Amino acid sequence: MLLTRRMEFSSSHRLWRGEWDDARNHAVFGRHAGPVSHGHNYELEVTVDGSVDGETGMVIDLKRLKDVMDAEIGERFDHRDLNDDTGLFERQQPTAEVFAGVIFGLLDRALPDGMLSYVTLRPTPDYEVEARR
């Protein structure tokens, strides 16, 4: 059984490598390149996989899943600059692909072993990134 819970949060980031010149940064990162952050209103879907418990009728308690998502994602990333406020993107660019992988890792460690199936991250309504095992 797959169960999906959604949340929204806002974060800013910049796609910029200080050791590259302006031309290379703009060639690689396009219009999102810049030494100044820009923001996104992210939508996150977290999908867990498990058997329905015969006693409770649930795969996971939705409140427990919400609490994990709030603690691991909301409190860490909402209204934060990914580059400057999290310490998670010092060696890698906070692209949607990398960010989805970071989110997957955080949630995977916080949920029961093997329960997390995948996460879907939407930085804008017209594209999404999915991170899975």
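Reader: What kind of model is it, and how many helices and strands does the chain have?
Author: It's a predicted model. The protein chain has four helices and five strands, and from the N terminus on they run β-α-β-α-β-α-α-β-β.

Reader: What does the C-alpha trace span along its principal axes?
Author: About 60 × 25 × 20 Å. The chain has 133 residues, and 44% of them count as buried.

Reader: And the surface, how much of that is carbon and sulfur?
Author: Carbon and sulfur atoms take 45% of an accessible surface of about 7700 Å². As for charge, there are 16 positive and 25 negative side chains, with the centres of the two sets 2 Å apart.

Reader: OK, on to the sheet. In what order do the strands sit?
Author: The order is E3-E1-E2-E4-E5, in an open sheet of five strands with mixed pairing. E3 and E5 are the edge strands, each pairing on one side only.

Reader: How many bridges join E1 to E2, and do they run parallel or antiparallel?
Author: There are 12 bridges, and the two strands run antiparallel.

Reader: What about E4 and E5, how do they pair?
Author: Also in the antiparallel sense, over five bridges. A hairpin of two residues links E4 to E5, and Thr-124 stands opposite Tyr-127 in E5.

Reader: Switching to the inside. Which residues touch the most other members of the largest nonpolar core?
Author: Phe-77, Ile-103 and Leu-107, out of 31 residues in that core. Strands E1 (2–13), E2 (38–49), E4 (116–124) and E5 (127–132) each supply at least two residues, and so do helices H2 (62–77) and H4 (96–110).

Reader: Which of those gives the most?
Author: H4, with eight residues. There's also another core lying apart from it, made of five residues, including Leu-15, Trp-20, Phe-29 and Ala-33.

Reader: Back to Phe-77. What is it in contact with, leaving aside neighbours within four places in sequence?
Author: Quite a list: Phe-9, Ser-10, Ser-11, Glu-72, Leu-82, Thr-86, Leu-88, Phe-89, Phe-99, Val-102, Ile-103 and Leu-106.

Reader: And across the whole chain, what share of contacts with a separation of 6 or more comes from residues 24 or more positions apart?
Author: That share is 66%.

Reader: Now the histidines. Where does His-79 lie?
Author: In the loop between H2 and strand E3 (80–81). His-79 has a positive phi of about 55° although it isn't a glycine.

Reader: Why does His-79 count as exposed?
Author: Because its relative accessible area is 64%, and exposed means over 50%.

Reader: And His-38, where is that, and what is it in contact with?
Author: His-38 is in strand E2. Setting aside neighbours within four places in sequence, His-38 is in contact with Ser-11, Ser-12, His-13 and His-32.

Reader: Why isn't His-38 called buried?
Author: Because its relative accessibility is 22%, while buried means under 20%. His-38 therefore counts as partly exposed.

Reader: Last one: how far is His-38 from Ala-131 in sequence and in space?
Author: They're 93 residues apart in sequence and 23 Å apart in space, C-alpha to C-alpha.

Terms used
Residues are numbered from 1 along each chain as its sequence is written. This is a predicted model: local features need pLDDT of at least 70, side-chain atom pairs count only at pLDDT 80 or more; totals for chains, interfaces and linings use all residues. Side-chain values use heavy atoms; hydrogens and water are left out. A nonpolar core is a set of buried Ala, Val, Leu, Ile, Met, Phe, Trp, Tyr and Cys residues joined through side-chain atoms within 4.5 Å. Buried means under 20% relative accessible area, exposed over 50%, partly exposed in between (1.4 Å probe, protein chains only). Contact means heavy atoms within 4.5 Å. Accessible areas come from the Shrake-Rupley method with a 1.4 Å probe; for residues, only the protein chains shown count as cover. Lys and Arg count as positive and Asp and Glu as negative; His and the chain ends are not counted. The place of a charge is taken as NZ of Lys, CZ of Arg, CG of Asp or CD of Glu. Two strands pair if DSSP finds at least two bridges between them.
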